[in-house]
Amino acid sequence: MNYTLLTFSPTGQSKACALAVAKATKQEFIEVDVTHFLQRKKPLAFFNTTLIVAFPVYGGRVPRLFAEYIKEQVTCTNCNALAIASFGNRAFEDALVEMEDLLLAKGMPLIGAASIGCQHSYSDKVGSKRPDIEDFQILDRLAVYLNGKTKTVHPPGNRPYKSSMLIADPPYMPTIKGKGGTPNSHCYAVCPTGSLAKGDPSLCIHCCACIQVSNNELVMDSPKFVNVTKHLEETCQKRVDSALYLP
Ligand SMILES: Cc1cc2nc3c(=O)[nH]c(=O)nc-3n(C[C@H](O)[C@H](O)[C@H](O)COP(=O)(O)O)c2cc1C
C-alpha cells in the first residue's frame with residue numbers, strides 16, 4: 001500500500017505535519033490538498049492506499065468545510081487512514097473522534113492518530129515556534145510505526161461532539177490597514193473560500209491565512225476576534241504536548 005496525503009491547511013502547519021510523516025516513511029506518496037475552494041469542487045476517489053489526513057482543530061472540531069467535503073465528495077476502496085489534528089496549544093477536544101467517524105463512514109478505519117501542537121493561527125504568541133523538534137519526533141515515531149500495520153485505533157474524544165463554533169454575528173473578515181491599500185495577490189490566493197476576493201464576510205472562516213501572508217497589510221480588528229486572541233494569549237501559554245494514538 002502506498003500513501004496519499006489529504007490535507008486541509010489554511011496556514012500550512014497541518015500540511016507540514018503530514019509531509020513530515022510521509023517523508024519519514026521513505027515510501028512514495030501523492031499529495032492532495034483541498035484547502036482552496038476550487039480544489040473542493042471536484043470529488044475524489046481513493047483506491048488501495050493509506051490516507052494521511054491532516055487538518056487544523058477549529059473550536060475542538062474538524063473544520064466544517066473539510067468535514068463536509070469528506071462527507072459529500074470522498075469515496076474509497078480498500079483504504080485505511082491516519083489522522084493528524086494540528087492544534088494551537090489550547091485543546092483538540094473531539095476533533096480526532098469526529099475525523100474517525102467521518103473516515104469510518106467511508107469505510108476507512110483509523111490505524112493511527114496524532115494531536116500535534118502548533119502555533120495558533122490567531123497569534124504568534126500562542127504555541128510559538130511549534131511544531132518544534134519534540135513535535136517532529138512524535139511524527140517520526142508515527143511514520144516508523146506505520147510500516148504495514150493494519151490494527152485499528154480509537155483516539156480520545158467525546159460523542160456527541162462539543163457544539164460547533166458559533167457563526168460570527170455579525171460576520172466579520174480581515175480589513176485593510178491604513179487608507180486606500182489593496183492586499184497583495186498572495187492574500188487572495190490563499191483564501192480557502194474566496195471571501196476576500198468577493199469582499200463577503202459571511203464566507204470568511206477566520207483562518208488567518210491571508211493575514212499571515214499580507215506583510216501587515218491586513219488585520220482582523222473585530223472586537224470579538226481581538227478579545228478571543230487576548231484571552232488565548234493569557235490562558236494558553238503552558239505547553240500542551242503533542243501525542244500519538246496507536247493500537
Ligand atoms: C477558527 C479557528 C479555530 C481554532 N480553534 C482551535 C481550538 O479549538 N484549539 C486549538 O488548540 N487551536 C485552535 N485553532 C488553532 C489551529 O488549530 C492551529 O493553529 C492549527 O495548527 C492551524 O493549522 P493550519 O496551519 O494547517 O491552518 C483554531 C484556529 C482557527 C483559525
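Begin by selecting Glu93, which sits in the loop between β6 (80–87) and α3 (95–104); helices here are DSSP runs of H or I with at least four residues, strands are runs of E with at least two, and both are numbered from the N terminus. The phi angle of Glu93 is near 40 degrees, a positive value in a residue other than glycine. This is a predicted model, in which local features need pLDDT of at least 70 and side-chain atom pairs count only at pLDDT 80 or more, while totals for chains, interfaces and linings use all residues. Residues are numbered from 1 along each chain as its sequence is written, and side-chain values use heavy atoms, with hydrogens and water left out.

Next select Pro131, in the loop between β7 (110–117) and α4, where the peptide bond from Arg130 to Pro131 is cis with omega near 5 degrees. Then move to Pro170, in the loop between α4 and β8 (175–176); Asp169 and Pro170 are also joined by a cis peptide bond, with omega about 0 degrees.

Now show helix α1 (residues 13–25) together with helix α4 (residues 133–146), whose axes come within 8 Å and cross at roughly 45 degrees (axes are lines fitted to C-alpha atoms over the stretch in contact, and angles run from 0 to 180 degrees between N-to-C directions). That angle makes α1 oblique to α4, because angles under 35 degrees count as roughly parallel, over 145 as roughly antiparallel, 65 to 115 as roughly perpendicular and the rest as oblique.

For the largest cavity, select Pro174, Cys191, Cys204, Cys207 and Cys210, which lie nearest its centre among the 16 lining residues. A cavity is a set of points on a 1 Å grid over the protein atoms alone where a 1.4 Å probe fits but cannot get out, a pocket is an open set with protein on both sides within 12 Å along at least five of seven lines, and lining residues have an atom within 4 Å of a point. The largest cavity holds about 100 Å³ of space, and α7 gives the most to its lining, with three residues.

Finish at the second largest pocket, with about 440 Å³ of space. Of its 21 lining residues, Ser121, Tyr122, Ser123, Asp124 and Ile211 are the closest to the centre. Colouring by element brings out α7 (209–212), β9 (218–219) and α8 (223–235), each of which supplies at least two residues of this lining, and α8 gives the most, with four residues.

How values were computed: Points joined across faces, edges and corners; volume = space filled by probe spheres on them.
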